[in-house]
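User: I would like to learn how to read a structure like this one. Please start with the overall layout and then go to the ligand.

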Amino acid sequence: MDLNTIAQALIDGKDKEVRELVQKALDEGHTPKEILDSGMVSGMDVVGKRFKNFEIFLPEVLISARAMKAGMEIIKPLLVKLGEEMLGNFVIGTVKGDLHDIGKNIVAAMLEGAGFQIIDLGVDVPPEKYYKAVIDNNAGFLGLSALLTTTMTGMKNVIDMLTKNNVRDKVKVIVGGAPMTNEFAKKIGADGYAPDAPSAVDLCKNWATP
Ligand code: B1M
């Protein structure tokens, strides 16, 4: 089957259809990653562009986001199953003030698939909550996601909090999200930046097994 049909169903916000098509694609032998990249993420890209150009509005975006979630419910366990070894505890969340979690969830699922133990704090996470989770779980990795230019600046507050409490050198910090750049990551003192989920996995696996 053409994976564009999944993208189109997602654009149209048809969650039931997305779920059925994702299952059909798997049954036909497409890999979870192909379905994610060429079906769901490419559909969400179109939604993003249309939203940006004022061709669609928030309700449509939300409906597509719900369809994305429906597909992810099938894909996520399969991505997770691909991982074998455990590479360490990994705290992840979307920063304070930011409710976008689709990309963060994909990154978390792929990291889990790669073998990290994921502690997902969800969205709108304040610096204290990240800090506490790192300490409580003795985490070696921390992932910060932000999709808004107004919230990405909050990432520095999280890193500053780790530094202030003398744990900065015990945890590798990776940042990501659409507005992010390598330069910004360096400027705020993160250890690394990844533009997408597969690059995040490569980078963190390198840290875990140098
Ligand atoms: Co929002 N939104 N949104 N939105 N939204 C954007 C981000 C925006 C670019 C749209 C636009 O104007 N073109 C824009 C931000 C502009 C800016 O800041 N410069 C925007 C805005 C303005 C807003 C609101 C302010 C709108 C309003 O209310 N007026 C509002 C803010 C709410 C808040 O957070 N406080 C808002 C709300 C929403 C919805 C709730 C409707 C919904 C989110 C639903 C949800 O996440 N559960 C939503 C959506 C869906 C989008 C777009 C259309 C799609 C985002 C998405 O899911 N992309 C988005 C436009 C766009 O990005 N094209 C937009 C698909 C996802 C797979 O990609 O998240 O980039 P992405 O994740 C990638 C990489 O970035 C990377 O890997 C992922 C997978 O490859 N990555 C990481 C992400 N996190 C990472 C972490 C890592 C490493 C890599 O390490 C830890």
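Analyst: The centres of domain 1 and domain 2, taken over C-alpha atoms, are 24 Å apart. Domain 1 covers 1–85 and domain 2 covers 86–210, with bounds from an automatic or database domain assignment. This is a predicted model, where local features need pLDDT of at least 70 and side-chain atom pairs count only at pLDDT 80 or more, while totals for chains, interfaces and linings use all residues. Residues are numbered from 1 along each chain as its sequence is written, and side-chain values use heavy atoms, with hydrogens and water left out.

User: How many residues surround the ligand?

Analyst: A residue is near a molecule if one of its heavy atoms lies within 4 Å of it. Here 32 residues surround the ligand, and the closest are L99, H100, D101, S145 and T149. Domain 1 and domain 2 each give at least three residues to this shell.

User: How do the shell residues divide into nonpolar, polar and charged?

Analyst: Ala, Val, Leu, Ile, Met, Phe, Trp, Tyr, Cys and Pro count as nonpolar, Asp, Glu, Lys and Arg as charged, and the others, Gly among them, as polar. The shell has 19 nonpolar, 9 polar and 4 charged residues.
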